[in-house]
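Q: Can you walk me through this structure? I have just opened the file.

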Amino acid sequence: DYAQVIAREAKRVDGLVRELLDLARPAALQTAPVDVHEVLGHVEVLARGIPGAERVAFVERYDPSLPRVMGAAEKLKQVVLNLVLNGMDAVGGLDENARRITVRTAALRDGVEVLVGDSGTGIDPAIASRLFDSFVTTKAHGMGLGLSIARSIVEAHGIEVAAGAAGGTIFRFRLP
């Protein structure tokens with residue numbers, strides 16, 4: 001199992017490096033029917049392998065009736081992984097009992113919604129309007145590209161991204 005995870009992760013990282021190199025001229029998406037829960041399952045396996053993840057509660061609230069959607073699975077994994085990693089950073093300083101990452105799916109009339117939330121302190125209002133810009137970060141070890149890349153991926157899919165802060169941070173996007 002770990003060898004397969006390593007191989008998939010190496011392929012994803014290779015794609016990320018290529019995307020960084022092509023940031024100015026993003027390539028066209030190669031879409032196919034995607035099982036959103038399979039994408040989320042892969043992200044959870046990756047997230048649970050990160051040091052400190054054992055001290056974070058991962059809450060899944062999945063709608064079992066979801067249809068497959070048209071998308072680029074590897075790109076969607078990158079979006080959700082970026083959101084989960086940011087959430088893990090946000091809850092890192094909290095009491096262990098308060099560290100929570102929630103991933104929820106829901107069927108909508110016109111598609112599927114994916115929500116990734118954390119129980120952290122929320123988004124600093126000083127950077128909220130620039131949150132998805134390249135090289136904007138509040139992390140000492142970050143480059144400020146995660147949310148920028150996530151935004152370009154979801155925009156390429158033609159889907160919506162929203163962020164909010166109410167006792168944490170919530171990101172949601174819709175897949176048609």
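Q: Which backbone nitrogen lies 2.8 Å from a polar atom of the side chain of D118?
A: The backbone nitrogen of G120. A polar contact is a pair of N or O atoms within 3.5 Å; within protein, one must be able to donate a hydrogen and the other to accept it, and residues adjacent in sequence count only if both atoms are side-chain atoms.

Q: What should I know about the model and the numbering?
A: This is a predicted model, where local features need pLDDT of at least 70, side-chain atom pairs count only at pLDDT 80 or more, and totals for chains, interfaces and linings use all residues. Residues are numbered from 1 along each chain as its sequence is written, and side-chain values use heavy atoms, with hydrogens and water left out.

Q: Back to D118. Where does D118 lie?
A: D118 is in strand β5, residues 111-118. Helices (H or I, at least four residues) and strands (E, at least two) are DSSP runs, numbered from the N terminus.

Q: Is D118 buried or exposed?
A: D118 is buried. Buried means under 20% relative accessible area, exposed over 50%, partly exposed in between (1.4 Å probe, protein chains only).

Q: How many salt bridges does a search of the whole structure find?
A: Seven. One of them joins R172 and E113, with the closest N and O atoms 3.3 Å apart. R172 lies in strand β7 (residues 169-175) and E113 in strand β5, so the pair ties together parts that are 59 residues apart in sequence.

Q: Which residues are linked with R172 and E113 in a network of salt bridges?
A: R104 and R174.

Q: What about a pair inside a helix?
A: R48 and E44 form a salt bridge at 2.7 Å, N to O. Both lie in helix α2 (residues 36-48), four residues apart, about one turn of the helix. R48 is partly exposed at 44% relative accessible area, while E44 is buried at 18%.

Q: New topic. How many helices and strands does the protein chain have?
A: Four helices and seven strands. Along the sequence the pattern is α-β-α-β-β-α-β-β-α-β-β.

Q: And what share of the 176 residues is buried?
A: Buried residues make up 39%.

Technical notes: Lys and Arg count as positive and Asp and Glu as negative; His and the chain ends are not counted. A salt bridge is a side-chain nitrogen of Lys or Arg within 4 Å of a carboxyl oxygen of Asp or Glu.
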